[in-house]
Amino acid sequence: MIQVEGLTKYYGEHAAIRDVAFTIGKGEVIGFLGLNGAGKSTTLKILGCVLLPTSGRVVIDGYDAVRDPHEVRKRIGFLPDTPPLYDEMTVGEYLAFVAQLRGVAPSEARSRVTEAEEKTGLREVDTALISTLSHGYRQRVGVAQALVHRPAFLILDEPTSGLDPAQIRGMRELIRGLKGMHTVLVSSHILPEISETCDRLLIIHGGQLVEQGTEEELARKLGGGSIEVEVRGDRAKALEALAGVGPVSVAREEGGVLALRVEASPELRPRVAQALVGAGLELLRLDRGTERLESIFLRLTQQSGGAAPREVAS
């Protein structure tokens, strides 16, 4: 679906991004991570045909973003970090207006608006003025305007920005629901949300793509990763059973239940389960470490060295 080669953007003598290259398959949900000023927004704006690159090539669904920007725009939906909303319109009016701008036939506009509202949980506020909506609902309207024309490729720049925990959970479920129907690129600072919604990760730092792959692949490259387990039984037996897998620490122990953290690749979970059950312990929970993505991200950006350059706004 997406092919990016040698993507570079200069503002004067400042390179916001340099030689960025990656591919995204049809139907994938990809997480795009980077510190402030790393080049995320510049990259997303080029993919969304908002900015022209200084050099490099972007092909979306078979069309070159520089040579055929109008064809590319027909195939993408873009939620920028600040949703492009008109406060004086109702939700339904605004989405119908966007559908018209996107070239949706008048005979299909109402059904497309209804479809976008249902996907984003906006049916109940169809007649509400956008100016009266909470921040969470405004973010949903921003996603709906990106969806209303059924784009093949969806770009979401910080979709959970400013949301409370309940709203973040709703947005996470929304993004999960888009999987398979759309190819999605999500930029976010909330690492657990990226971890739970995305198939693969692209990590950018200092204007360059420093790594890409699944969490497991990145953890394996860095020699890191962890496994969390809960068992019921003797503490000494549990520690002895896991001694050959990797370093083990006790997170907590209460009511006869022991929570452990094993510093080992998540791919070793079957081995951990076999060792614990073989030692006569009752296995209650087995999962990958919850802080793993944060550790991967910090280690990759620190290894790159230096401070990320300031990203100049267009």
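Biologist: In which sense do strand S3 and strand S9 pair, and over how many bridges?

Modeller: S3 (residues 29-33) and S9 (residues 200-205) pair in the parallel sense, over 4 bridges. This is a predicted model.

Biologist: Which residue in S9 stands opposite Ile-30?

Modeller: Arg-200 stands opposite Ile-30.

Biologist: What sheet do S3 and S9 belong to?

Modeller: They belong to an open sheet of 6 strands. The order is S6-S7-S8-S3-S9-S10, and the pairing is mixed.

Biologist: Which strands stand at its edges?

Modeller: S6 (76-79) and S10 (208-213) do. Each has a single partner strand, so one side of each has no neighbour in the sheet.

Biologist: And how many degrees are neighbouring strands turned against each other on average?

Modeller: The average is 15°, with direction ignored.

Biologist: Which helix packs on that sheet, touching S9 and S10?

Modeller: Helix H8, residues 215-222. The direction of H8 makes about 110° with that of S10.

Biologist: Changing topic. What is the order of strands in the sheet with 4 strands?

Modeller: The order there is S12-S13-S11-S14, in an open sheet with antiparallel pairing. S12 and S14 (282-288) are the edge strands; each has a single partner strand, so one side of each is left without a neighbour in the sheet. The twist from one strand to the next averages 20°.

Biologist: How many residues are between S12 and S13?

Modeller: There are 2, and the two strands form a hairpin. Gly-255, in the turn, has a positive phi of about 60°. S12 (residues 248-254) and S13 (residues 257-262) pair in the antiparallel sense over 6 bridges. Within that pairing, Val-250 has Leu-260 of S13 as its bridge partner.

Biologist: What about S11 and S13, how many bridges there?

Modeller: S11 (residues 227-232) pairs with S13 over 6 bridges, in the antiparallel sense. Glu-230 has Ala-259 in S13 as its bridge partner.

Biologist: Which helix lies across S11, S12 and S13?

Modeller: Helix H9, residues 235-242. H9 runs at about 20° to S13.

Biologist: Now the helices H4 and H5. At what angle do their axes cross?

Modeller: At roughly 140°, and the axes come within 9 Å. H4 covers residues 106-120 and H5 covers residues 135-147. Oblique is the word for an angle like this, because roughly antiparallel is kept for angles over 145 degrees. The crossing of H4 past H5 is right-handed.

Biologist: Which residues make the contact?

Modeller: From H4, Ala-116, Lys-119 and Thr-120; from H5, Arg-140, Val-143, Ala-144 and Leu-147. These residues divide into 4 nonpolar, 1 polar and 2 charged.

Biologist: What does Arg-112 touch?

Modeller: Leaving out residues up to four places away in sequence, Arg-112 touches Val-104, Val-148, His-149 and Arg-150.

Biologist: Last topic, the whole chain. How many helices and strands?

Modeller: The protein chain has 11 helices and 14 strands. The C-alpha trace spans about 70 × 50 × 30 Å along its principal axes.

Biologist: What share of the residues is buried?

Modeller: Buried residues make up 49% of the 314 residues. As for contacts with a separation of 6 or more, 69% are between residues 24 or more positions apart.

Definitions and conventions:
Residues numbered from 1 in each chain as written. Predicted model: local features only at pLDDT ≥ 70, side-chain atom pairs only at ≥ 80, totals over all residues. Heavy atoms only, no water. Axes fitted to C-alpha atoms, helices over the stretch in contact; angles between N-to-C directions. Parallel < 35°, antiparallel > 145°, perpendicular 65-115°, else oblique. Left-handed = near helix turned anticlockwise from the far one by under 90°. Contact = heavy atoms within 4.5 Å. Nonpolar A, V, L, I, M, F, W, Y, C, P; charged D, E, K, R; others polar. Pairing = 2+ DSSP bridges. Buried < 20%, exposed > 50% of the residue type's maximum accessible area, 1.4 Å probe, protein only.
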